[in-house]
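I opened this notebook to record what I looked up in the structure. The entries run from the whole chain down to a single residue.

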Amino acid sequence: EDAVKLANDVLAVLSEALQKADNLEPRGSLNEGLLHECVLCKNLAGPIITANKALSDGAGAALAEARSAVADALSPAERAKLQDSLRAATSTLVEFKVSMRDTFSGFVEEGRRAARWSRSRGPSKNRVC
């Protein structure tokens with residue numbers, strides 16, 4: 001964004017300088033004509049104006065605007081708002097998860113206890129199961 005603005009400003013200053021009468025037809029210290037015409041100034045002023053307009057209206061401006069929109073969308077306040085809405089949206093899912101864990105934890109814990117108990121007794125030839 002800053003680079004686009006800087007480039008626009010530089011091109012504007014250069015265009016102004018090239019269009020000044022003192023640069024187009026330079027004069028001496030006593031304001032006498034030097035019988036000199038700045039061909040570069042005449043030929044370069046138009047394309048620089050065109051380039052400046054293209055830069056300000058074109059992709060550079062669009063990218064700068066997009067960066068600004070992203071910066072606004074990801075501001076701390078917007079991020080906090082997004083986090084709150086995500087938490088609110090997932091709260092039902094979290095409650096369901098806790099409910100399922102509480103419902104089936106008895107079965108899982110029983111299986112673990114039984115496995116520990118059979119391991120603690122060690123292998124036995126007399127055991128039926």
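Entry 1, surface. I took accessible areas from the Shrake-Rupley method with a 1.4 Å probe. On that basis the protein exposes about 10,500 Å², of which carbon and sulfur atoms supply 62%. I note that the model is a predicted one.

I looked up the secondary structure and found five helices and zero strands. Read along the sequence, the pattern is α-α-α-α-α.

I checked the length of helix 3, residues 39–57. Its 19 residues should span 27 Å at 1.5 Å a residue, and the end C-alpha atoms lie 28 Å apart, which agrees. I also looked for a bend and found one of about 30° at A45, with a proline, P47, following within four residues. A45 is itself among the buried residues of helix 3, together with C41, I48 and N52. The cover over these buried residues includes helix 1 (2–19) and helix 2 (21–24).

N52, found in helix 3, counts as buried because its relative accessibility is 16%, and the cut-off for buried is under 20%.

Conventions: Residues are numbered from 1 along each chain as its sequence is written. This is a predicted model: local features need pLDDT of at least 70, side-chain atom pairs count only at pLDDT 80 or more; totals for chains, interfaces and linings use all residues. Side-chain values use heavy atoms; hydrogens and water are left out. Helices (H or I, at least four residues) and strands (E, at least two) are DSSP runs, numbered from the N terminus. The expected span of a helix is 1.5 Å times one less than its number of residues. The bend at a residue is the angle between axes fitted to the seven residues ending there and the seven starting there. Buried means under 20% relative accessible area, exposed over 50%, partly exposed in between (1.4 Å probe, protein chains only). Contact means heavy atoms within 4.5 Å.
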